[in-house]
Amino acid sequence: MKVTVDRDACIGCGLCAGICPEVFEMDKENIAKVIAQPDASTEASAKEAADSCPVSAISVE
């Protein structure tokens, strides 16, 4: 599983970092970034974060 964030689409709501802080964090510009790719223990919450993104800025492959 690979997770990416479309920085141009991100509105900085922080929902992803709240749901899955092991994979996402907000940078200095308040835009989400991936800090680690999901492993078996974080895969479900990373998918939940992607599904919860209000602007669909997170892609899961």
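User: How do you know whether the radius of gyration of the protein chain agrees with that of a compact globule?

Analyst: The radius of gyration is taken over C-alpha atoms, and the globule rule is 2.2 Å times the number of residues to the power 0.38. With 61 residues the rule gives a value near 10 Å, and the protein chain has 10 Å, so the two agree. This is a predicted model, in which local features need pLDDT of at least 70 and side-chain atom pairs count only at pLDDT 80 or more, while totals for chains, interfaces and linings use all residues. Residues are numbered from 1 along each chain as its sequence is written, and side-chain values use heavy atoms, with hydrogens and water left out.

User: What pattern does the protein chain follow along the sequence?

Analyst: The pattern is β-α-β-β-α-β, made of two helices and four strands. Helices (H or I, at least four residues) and strands (E, at least two) are DSSP runs, numbered from the N terminus.

User: Why is D27 called buried?

Analyst: Buried means under 20% relative accessible area, exposed means over 50%, and partly exposed lies in between (1.4 Å probe, protein chains only). D27 has a relative accessible area of 19%, so D27 is buried. D27 sits in the loop between β2 and β3 (32-34). Leaving out residues up to four places away in sequence, D27 touches R7 and K33, where contact means heavy atoms within 4.5 Å. Across the protein chain, buried residues make up 34% of the 61 residues.

User: What makes the buried residues of α2 line one face of the helix?

Analyst: In helix α2 (residues 43-52), the buried residues are S45, A46, A49 and A50. Seen down the axis of α2, these residues fall within an arc of 145°, so they line one face. The arc is that of the directions from the helix axis to the C-beta atoms. On the other side of α2, A44 and D51 are exposed. The buried residues of α2 pack against β1 (3-5), α1 (15-19), β2 (24-26) and β4 (58-60).

User: How many cavities of 30 Å³ or more does the structure hold, and what kinds of residues form the lining of the largest cavity?

Analyst: A cavity is a set of points on a 1 Å grid over the protein atoms alone where a 1.4 Å probe fits but cannot get out; lining residues have an atom within 4 Å of a point. Grid points are joined across faces, edges and corners, and a volume is the space filled by probe spheres set on the points. The structure holds one cavity of 30 Å³ or more, and about 80 Å³ of space lies in the largest cavity. Its lining has 14 residues, with C10, C13, C16, A32 and C53 nearest the centre. Twelve of the lining residues are nonpolar, two are polar and none is charged. Ala, Val, Leu, Ile, Met, Phe, Trp, Tyr, Cys and Pro count as nonpolar, Asp, Glu, Lys and Arg as charged, and the others, Gly among them, as polar.

Methods:
1 Å grid on protein atoms, 1.4 Å probe; cavity = no way out; pocket = protein on both sides within 12 Å on 5 of 7 lines; lining within 4 Å.
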